Amino acid sequence: EQNKPLMGNITPDDALEKLNKFEFNMKKSQLDQENLIKAKDALGLDVGASDNAISGCLDEVAGLTEVWEAVSKPFDSLTELKDTLWATAVMRKVRKTLDDILIEMRSLPNRIRQYDAYTALHDKVKSYLSGHSTLSDMKTDALKERHWKIILQKLNIHVAFSELTIGMLWDNDLLERKKDMAEVLSIAQGEMAIEVFLNEVRDRWMKQELNLVLYQNRVRLIRGWDDLFTALDDHTGGLILMRSSPYYRAVREFQEDGNLWEDRLTKLRAAFDAWIDVQRRWVYLEGIFFGSADIKNQLPAEWSRFKSVDGEFITLMRRISSRPYAMEALNIENLQRTLERLSNLMTVIQKALGTYLEKQRSDFSRFYFLGDDDLLEIIGNSSEPGKVLPHLGKMFASISTCNSVPCEEEGVLTKFEAMLSKDGEKVRLDSPITVTSKMNVKDWLKQLESGMHTTLAKLLNSAVSDVQSTKSSTTSLEGKAEFVNWAESYPAQVMILASLVNWSMSMDAALRMDNSKDEL
């Protein structure tokens, strides 16, 4: 009953084949009936009433044949679509083909559309269209071979993925298993997110170039450390956080890649932490030792140590410059140990340098007003007094610089004859300070300090004596003019102090007199 060509559960070819057989048998029966009637008539027998049942059946078969022939083309199109391999299927084209089949079927005459053969095929196409979103969701890169094994197992499909067709999915109730498919798809998308992150980490660090800049025409140094450390911390944190995901624990490849890159990035971070410290120390010490011959002479042991450090560091930087990739650092043998050793050596050098600077400060206390860099620059330029002058303002509150005069004497670098304030006031030294090539910088700075004291003391003594010899009263024009001339002949600081001394002495003398009231 189910396989009769009246129903829509068989193929048009099968239906037409059965209808052809029915038609052949019926026509044969009709011919036999006609021959029988003729034989009865020839024998003079009663022919009886004519029976048109066979003619009616033939008309019905003709109608069914027309129906099945009409739906055979849409059915063939659907069959061709179902035979499409899933791996090569394009969902947009699948949807268009289904739409075209439906349009073609709706254009058939009404007499065709009344049969089950049409209705069954039409409803099947509509069901495929209504479930097309589910089919499209399955066409995603997130679904890997491991996921398709689960899907095919749930759908009871026993073929290789490469042989899977769209029809197999439709015929095995994919569209009715939306919940099961959604679960697999959710797992696949979660795993896809992890895979994308791992690929991002891999691509970033396999291609990450180091930003190098030429320093002092000697070597290329790494810069852009902040960006490197930010990326390292972000990716390392992401890898650690990823371990808590159920999707990560479900796939062995994720665990292997995650552990591998977590180990690599952790080692790289430790190496870069040591590297930036070594590079910073090297730049600092290189400027000190290579920038001043005096420092080399005064610290020969530290200079010898730094030459060794400098040679190793330059070799290391030239190697990384030849292949400036971040991951190349992990290929350098014993990199971490080498960087730690260089850092320890430079720590020893810096401690010795700090002890040396502290001794210099204890010898000349005004050096305490200077930072290490300024003090090193002064010591390193002891043979060039002109480069020391910009630092005078930090050591002496009121001295901005000193006025030097040319000197052609052998061994004499310069002579300082006057002190200048920040406001441009000039005070001549009582005795010019001669700076020779054999003098240490702190020696002539001590002379400057002593000369400042001596000069100001003599000027103050002279100013006090001169102000006392002026007219006692400044109420008259002559007294005022004399006082102004006196004030202008001395530095402002000395003039103010001399005025205060004179006032104090005058008040003391007035208070000692009998008529102190009048004197005051």
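Is Lys144 buried, exposed or partly exposed? Lys144 is partly exposed, with a relative accessible area of 24%. The views below come from a predicted model.

**Figure 1. Lys144 and Glu195 form a salt bridge.** The side chains meet with an N to O distance of 3.9 Å. This pair links distant parts of the chain, 51 residues apart. Lys144 sits in the loop between helix 6 (132-138) and helix 7 (145-154). Glu195 belongs to helix 9 (residues 178-207). Glu195 is partly exposed, at 23% relative accessibility. Side chains of opposite charge can pair when their charged atoms come close. A search of the whole structure finds 28 salt bridges.

**Figure 2. Glu191 and Arg146 meet in a salt bridge.** Here the N to O distance is 3.1 Å. Glu191 lies in helix 9 and Arg146 in helix 7, so the pair ties together parts 45 residues apart in sequence. Glu191 is buried, at 4% relative accessibility. Arg146 is partly exposed, with a relative accessible area of 34%.

**Figure 3. Glu262 and Arg243 are joined by a salt bridge.** Their side chains meet at 2.9 Å, N to O. The pair connects distant parts of the chain, 19 residues apart. Glu262 is in helix 12 (residues 252-289). Arg243 is in the loop between helix 10 (225-242) and helix 11 (246-249). Glu262 counts as buried, at 15% relative accessibility. Arg243 is partly exposed, with a value of 37%.

**Figure 4. Thr236 is a buried residue in helix 10.** Its relative accessible area is 15%. That is under 20%, so Thr236 counts as buried. A polar atom of the Thr236 side chain lies 2.7 Å from the backbone oxygen of Leu232. Which residues does Thr236 touch, not counting those up to four places away in sequence? They are Leu265 and Thr266.

**Figure 5. The second largest pocket holds about 320 Å³ of space.** It is lined by 16 residues. The closest to the pocket centre are Ser398, Ser421, Glu425, Val427 and Gln493. Which elements give two or more residues to the lining? They are strand 4 (412-420), helix 19 (441-469) and helix 21 (492-512). The lining divides into ten nonpolar, three polar and three charged residues. Rolling a probe the size of a water molecule over the atoms shows where empty space is left.

**Figure 6. Asp173 has a positive phi.** The angle is near 65 degrees, in a residue other than glycine. Most residues other than glycine have a negative phi. Asp173 is placed in the loop between helix 8 (166-171) and helix 9. Asp173 is partly exposed, with a relative accessible area of 41%.

**Figure 7. Gln216 has a positive phi although it is not a glycine.** Its phi is about 55 degrees. Where is Gln216 placed? Gln216 is in the loop between strand 1 (211-215) and strand 2 (219-223). At 52% relative accessibility, Gln216 is exposed. The cut-off for exposed is over 50%, so Gln216 passes it.

Note on methods. Residues numbered from 1 in each chain as written. Predicted model: local features only at pLDDT ≥ 70, side-chain atom pairs only at ≥ 80, totals over all residues. Heavy atoms only, no water. Salt bridge = Lys/Arg side-chain N within 4 Å of Asp/Glu carboxyl O. Helix = DSSP H or I, 4+ residues; strand = E, 2+ residues; numbered from the N terminus. Buried < 20%, exposed > 50% of the residue type's maximum accessible area, 1.4 Å probe, protein only. Polar contact = N/O pair within 3.5 Å; in protein donor to acceptor, adjacent residues only side chain to side chain. Contact = heavy atoms within 4.5 Å. 1 Å grid on protein atoms, 1.4 Å probe; cavity = no way out; pocket = protein on both sides within 12 Å on 5 of 7 lines; lining within 4 Å. Points joined across faces, edges and corners; volume = space filled by probe spheres on them. Nonpolar A, V, L, I, M, F, W, Y, C, P; charged D, E, K, R; others polar.
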